[in-house]
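Open the model in your viewer and keep the selection panel at hand.

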Amino acid sequence: MKWWQTAVIYQVYPRSFQDSDGDGIGDLKGIIQRLDYLEKLGITAIWLSPVFQSPNDDNGYDISDYQAIMTEFGTMDDMDELIEQADQRNIKIIMDLVVNHTSDEHKWFVESRKSKDNPYRDYYVWRDPINGEEPNSMRSTFSGSAWDYDEESGQYFLHLFSKRQPDLNWENEKVRQEVWDMMNFWLHKGVGGFRMDVIDLVGKIPDEEITGNGPKLHDYLQEMYRETIGKYDVLTVGETWGATPEIAKLYSDPKRNELSMVFQFEHIGLDQENGKEKWDLKALEVNELKQVLSKWQTALGNEGWNSLFWNNHDLPRIVSRWGNDSTYHAESAKMFAILLHLMKGTPYIYQGEEIGMTNYPVSDISEINDIESVNMYHERLAIGYEKKEILASINAKGRDNARTPMQWENTENAGFTTGSPWLHVNPNYRGINVKANLADSNSIFFCYQRLIELRKENPIVVWGDFELVSDVPEQVFMYLRKYEDDTWAVVANFGAEETTLRLPDLGQIDDVIISNYERTSVNFNQLTLNPYEAFAVKV
Ligand code: TEU
């Protein structure tokens, strides 16, 4: 058994978590101030979004020095203090490894772009123009071509993200060695592991327009294991947007010595039009969600391990996205928590999810910070989309929704900063905040705390077999967990309408493990589920 198989991970987006020096930007000292809160929640480890030196073209996912702390976030001493203070609370720190690309201010790229024969030239992907144009039709995730022309040397360089995030050339073993050296620097500091940003892209073959799952990707990851993580008992989770269960096994089958687990996004894509972008919205089909999550619960077997998440810093807030952030705010937030946290795998909680933080809709692009949304806005405006339609997409799927400051209390700026916040605070902080949650034993926070306790106290949650229950109404997501002689049933009404359930062979059950409607018994002979009702019972 590995420690990360019984763990619950909390993701902190440092820029928006807690500001300690009044500059309106979250920082490391602020996170240290909030460790007691995270210990109370009961989490095992904190995944820190990048804290390294960066010009913040993509809010820290554009790194200019992997072994220095971003000036706005504090110092290396603060980082050492955070690792130490977390360790005293038995909380590990998981770093965000962003090595598909660097910032264009990284010294490697500053050198590389100086001339074609610079020793660092081959750290990046440079190609001659073809007929005076880009080398090929590869696109950036942040709109436009993935190639940017460099006047100095008359060549194009590759950037799958912003123009200021040039892709590293992993075919160059010097690049890989630099990455291993940097990882070992952080492992020697005692970090608990790494989340690996778009790690499926590092095997890219640009001349064949191959980006994800390239031919040498797993060779590189096995080399990484030998050179760095294999010597430590750490958690490694790869961000792999295109993973299927078969691909996921290639990363996380323990026999392959690569990663502990991956973030797969198949469920996340269920509300976008097939073959289009996340901005092209379609209603979620609950049946599709049931099929996808059940498939992942059973397909990995002992050749891998699931991560479990609804939220992260790139995704809209789940209670607004697929729940109900008005009439049934608390009920639906708890439903998502119960449904996910009693599944098999390692759950991830994104900051603010544990108090039901919601999206924050804007009425003009000037209110948006995120480069992905801003670039898409201008690209779609230029090809004729209506402003209203583009803003509707951004309000539904834009990444700023997840990046509004953490809502600590009902005081100015929600207690996030005494200065002016770098991004607007959601005005609903007056009712949705940590302090109010801690004062209410029936709050979303205490639902999460209880679910984390259940995982720690009951092997069935970590190891139990998963079985979907299909003969239920479409909007009801019901599954069983079975371990030794125990069977738990988890039921979630994924909608605002009451619905009835009849499973006579389960009969009357009085042993309710957790419920978001204070239910003390369940009669499966004739059961009416309330809007967004969720519970778990011992069958
Ligand atoms: O995200 C990978 C990525 O492709 C996302 O940007 C996603 O495609 C998009 O946001 C749709 O949700 C990782 C990081 O999580 C993200 O914050 C970075 O912007 C990106 O890589 C580049 O480092």
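Select the ligand and the shell of residues around it: the shell divides into 5 nonpolar, 4 polar and 9 charged residues. Here Ala, Val, Leu, Ile, Met, Phe, Trp, Tyr, Cys and Pro count as nonpolar, Asp, Glu, Lys and Arg as charged, and the others, Gly among them, as polar. The model is predicted, so local features need pLDDT of at least 70 and side-chain atom pairs count only at pLDDT 80 or more, while totals for chains, interfaces and linings use all residues. Residues are numbered from 1 along each chain as its sequence is written, and side-chain values use heavy atoms, with hydrogens and water left out.

Which of the 18 residues around the ligand come nearest? Pick Asp-58, Asp-197, Asp-314, Glu-372 and Arg-399.

Next, show the side chains of Lys-278, His-313 and Glu-372. An oxygen atom of the ligand is 2.9 Å from an N or O atom in the His-313 side chain. For Lys-278, a side-chain N or O atom is 3.1 Å from a ligand oxygen, and for Glu-372 the value is also 3.1 Å. The protein covers 94% of the 480 Å² of accessible area that the ligand has on its own (Shrake-Rupley method, 1.4 Å probe).

Now colour by strand (DSSP runs of E, at least two residues, numbered from the N terminus). An open sheet of 8 strands with parallel pairing has the order β11-β10-β9-β5-β2-β1-β13-β12. β11 (261-263) and β12 (307-308) stand at the edges with a single partner strand each, so one side of each has no neighbour in the sheet. Two strands pair if DSSP finds at least two bridges between them.

Within this sheet, select β1 (residues 9-12) and β13 (residues 346-350), which run parallel and are joined by 3 bridges. Ile-9 stands opposite Tyr-348 in β13.

Last, go to residues 465-469 and 476-483, which are β14 and β15. These strands pair in the antiparallel sense over 5 bridges, and a hairpin of 6 residues joins them. Leu-468 stands opposite Tyr-479 in β15.

Definitions and conventions: A residue is near a molecule or strand if one of its heavy atoms lies within 4 Å of it. A polar contact is a pair of N or O atoms within 3.5 Å; within protein, one must be able to donate a hydrogen and the other to accept it, and residues adjacent in sequence count only if both atoms are side-chain atoms. Helices (H or I, at least four residues) and strands (E, at least two) are DSSP runs, numbered from the N terminus.
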